[in-house]
Amino acid sequence: MGMTVAAATATGLPALAALLGLFLGRRVRPVLIAVPAALVATGLAIAVAVGIGDDTRESAVRLTPTGALDITLGLRVDGLAALSAVLVTVVALLVQIYSAAYLREDPRYSSYAALVSLFTAAMLLVVYTGDLIVLLVGWEVMGVCSYFLIGHHWETEAARSASIKAFVVTKFGDVPFLIGILVLAAGADSFRIRDVLAAVPEGGAGWVTAGTLLLLGGVAGKSAQVPLQTWLPDAMAGPTPVSALIHAATMVAAGAYLVARLYPAFLAAHATLIVLAVLAAATMIGSALAALAQEDLKRVLAWSTVGQLAYMTGGLAVGGRDAAVFHLLSHGAFKALLFLGAGVAIHVAGTGALAGMGGLRHRAPIAFWTMTAGLAALAGVPPFAGFFSKEAVLGAAEHTAAGHGPVPQSAGWLVLVAGLLTAALTAAYATRVWLRVFLGPARESAPGAEVPAHADAADYGKPAHTGEAPAAMVWPLIVLAVPTVLFGFVAFPGLPSLGSDLGYAELTPQLSTTVLALAAFVLGAGVVGALWRRDPAGDPARVLGPLRGPALRGFDVDGLYAALILTPVRLAAKASRFSDGAVVDTYVKGAAQSAWLLGGGIRRGQNGNARLYLTGLFAGVVVLAVAVAVGS
């Protein structure tokens with residue numbers, strides 16, 4: 001089987017499973033449809049990744065004649081696409097298995113499994129496609145699936161509002177994204193990715209800069225970067241497996257993947273890279289502070305995802321495409337592990353609030369050891385995968401800051417300083433989670449905090465379990481722990497299949513950034529550990545002081561949006577309503593009333609009385625005669 005045929009089959013199988021699941025979900029157990037399809041797709045994706053090597057395989061057929069730029073249905077399979085597809089399919093398979101146990105009592109499990117399959121197919125379409133319009137189709141299908149999956153528990157207000165918010169915010173970014181695709185296609189005279197990259201001039205061009213800047217709108221929306229980051233933490237109102245699939249490993253990484261896919265165009269647009277570096281630096285620091293302040297386990301991980309995605313976009317901004325993709329792959333493994341592990345912890349503790357956890361080390365030993373590995377990878381502890389991938393990003397930033405490569409030095413310094421500060425904050429909140437969830441005595445939930453705003457209500461109010469979670473929830477943690485521990489050793493010598501000619505490609509940890517990053521880890525983890533030892537019953541997040549309140553609320557960005565966008569729009573809507581009612585309707589009603597009055601006056605003279613008509617006629621003749629006589 002050819003590489004492109006295998007890739008197409010891997011994409012089509014989850015789509016077929018989604019279709020069958022929607023029509024046969026009530027007759028056939030959904031797990032018997034979704035899991036086999038995900039398993040075969042995973043095998044095909046792995047086969048493609050093993051067989052593609054350093055090659056690039058393409059196949060395309062004209063989908064429709066447009067009269068101008070043709071839209072082609074085809075695939076472009078290279079090392080980047082192949083490795084990303086393996087991440088997508090493996091995580092999707094594990095999530096489907098995990099969900100069979102996690103949602104076994106859910107009456108809407110059949111539609112859930114079908115939507116997860118459809119989402120998987122859409123992400124694979126984004127990964128494998130060779131046409132920007134087809135990529136846009138997969139991009140938008142992911143958004144629709146995300147809307148339905150976040151709102152899976154639609155009977156709760158949190159799920160409904162979170163799903164609408166995610167849809168609206170990401171669509172807000174997709175408007176300039178669509179325009180950016182059109183700009184690039186017009187400049188290259190083609191929608192095919194191959195043709196767009198081939199048309200990029202060596203020194204860049206205006207259409208390249210404009211197109212890539214517009215694409216950043218969609219990147220910020222999908223990957224939850226400043227200023228469109230607020231939807232992702234609220235999306236934790238969806239089921240925990242959805243958080244692992246969509247909001248940790250795959251969909252939110254689509255923005256970073258797109259930049260890597262079109263990297264020659266971005267590398268030729270220095271203005272775009274500087275903007276991307278600024279957004280990444282602001283996102284890193286703000287999200288890390290917010291993660292340290294959160295009181296719900298899943299929201300800590302959600303804000304952490306925002307920050308780790310900023311590491312990826314920061315790596316891309318400084319010319320480190322391979323480093324960014326390295327971190328995308330390693331983060332996909334350990335963050336999916338952390339979200340699924342959080343589901344096990346919530347299952348055992350009966351709550352997702354950190355205030356209600358503690359002492360789970362002995363009650364959930366597998367979750368303890370696997371999540372310890374995941375948190376260590378998140379914090380950048382050697383030799384876990386996150387250490388190598390973060391070091392690669394910091395190394396690329398240092399390389400650019402030293403004046404090497406085509407990217408401006410300012411971008412390198414910005415990402416390097418923000419990355420080191422974020423490393424300290426990441427170590428702090430990862431240590432806080434580890435201590436509060438697994439160590440110390442078991443705690444009761446704080447009064448009034450059982451279901452925080454925008455939390456998944458299904459995670460709260462459950463009875464605590466004395467034993468480990470079901471095997472279908474535990475085994476995916478063990479599988480994901482393997483790449484969390486070992487992936488760095490496999491990948492850091494180099495990922496030649498990603499294309500080392502695109503920017504800085506060194507993935508080996510550098511001495512200077514390693515020392516600085518380890519110092520940042522010791523600082524962050526040490527402060528939190530010291531506070532916890534001083535008061536195990538307290539919350540180490542108090543180290544934030546007066547900053548904790550704003551950080552807990554995500555620095556009130558939603559309030560800023562309300563002031564700058566919602567309030568003016570509402571005022572404009574009220575003004576429009578007043579104008580429509582008091583001006584337009586009054587004019588229309590006045591015109592109708594005038595016609596009615598005029599018609600009523602005329603109607604009085606048209607009453608069918610012949611004598612009255614003759615009298616009027618005679619009176620008129622007399623008036624005319626008098627007028628003629630006077631005039632002569």
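# Questions on a predicted model

User: At 58% relative accessibility, D189 counts as exposed. Which loop holds D189?

Analyst: The model is predicted. D189 is above the cut-off for an exposed residue, which is over 50%, because its relative accessibility is 58%. Its place is in the loop between α6 (157-188) and α7 (193-199).

User: What is the phi of D189?

Analyst: Most residues other than glycine have a negative phi. D189 is not a glycine, yet its phi is positive. The value is about 60°.

User: What is the phi of D556, and where in the chain is D556 found?

Analyst: D556 is found in the loop between α22 (548-552) and α23 (557-605). D556 is a residue other than glycine, and its phi is positive. That phi is near 55°.

User: Is D556 buried, exposed or partly exposed?

Analyst: The relative accessible area of D556 is 34%. Buried means under 20% and exposed means over 50%. The value for D556 is in between, so D556 is partly exposed.

User: How far apart in space are D556 and T230, C-alpha to C-alpha?

Analyst: In sequence, D556 and T230 are 326 residues apart. In space, their C-alpha atoms are 9.4 Å apart.

User: What share of the contacts in the chain with a separation of 6 or more comes from residues 24 or more positions apart?

Analyst: The count takes contacts in the chain with a separation of 6 or more. Among these, residues 24 or more positions apart account for 80%.

User: How do α3 and α4 run relative to each other, roughly parallel or roughly antiparallel?

Analyst: The axes of α3 (residues 79-102) and α4 (residues 109-128) come within 9 Å and cross at roughly 175°. Angles over 145 degrees count as roughly antiparallel. The two helices are therefore roughly antiparallel.

User: How many charged residues take part in the contact of α3 with α4?

Analyst: On the α3 side the residues include A81, V88, T89 and Q96. On the α4 side they include Y112, V116, T120 and M123. The residues of the contact divide into 14 nonpolar and 6 polar. The number of charged residues is none.

User: Which residues does S110 touch, not counting residues up to four places away in sequence?

Analyst: S110 has its place in helix α4. At 18% relative accessibility, S110 counts as buried. Not counting residues up to four places away in sequence, S110 touches G25 and P30.

User: How many residues of helix α11 are buried?

Analyst: Helix α11 spans residues 254-261 and is mostly covered. The buried residues include Y257 and L258, and also R261.

User: What percentage of the residues of the chain count as buried?

Analyst: The chain has 24 helices and 2 strands. Its C-alpha trace spans about 120 × 60 × 55 Å along the principal axes. The accessible surface is about 25100 Å², and carbon and sulfur atoms hold 70% of that surface. Of the 632 residues, the buried share is 55%.

Conventions. Residues are numbered from 1 along each chain as its sequence is written. This is a predicted model: local features need pLDDT of at least 70, side-chain atom pairs count only at pLDDT 80 or more; totals for chains, interfaces and linings use all residues. Side-chain values use heavy atoms; hydrogens and water are left out. Axes are lines fitted to C-alpha atoms, for helices over the stretch in contact, and angles run from 0 to 180 degrees between N-to-C directions. Helices (H or I, at least four residues) and strands (E, at least two) are DSSP runs, numbered from the N terminus. Angles under 35 degrees count as roughly parallel, over 145 as roughly antiparallel, 65 to 115 as roughly perpendicular and the rest as oblique. Contact means heavy atoms within 4.5 Å. Ala, Val, Leu, Ile, Met, Phe, Trp, Tyr, Cys and Pro count as nonpolar, Asp, Glu, Lys and Arg as charged, and the others, Gly among them, as polar. Buried means under 20% relative accessible area, exposed over 50%, partly exposed in between (1.4 Å probe, protein chains only). Accessible areas come from the Shrake-Rupley method with a 1.4 Å probe; for residues, only the protein chains shown count as cover.
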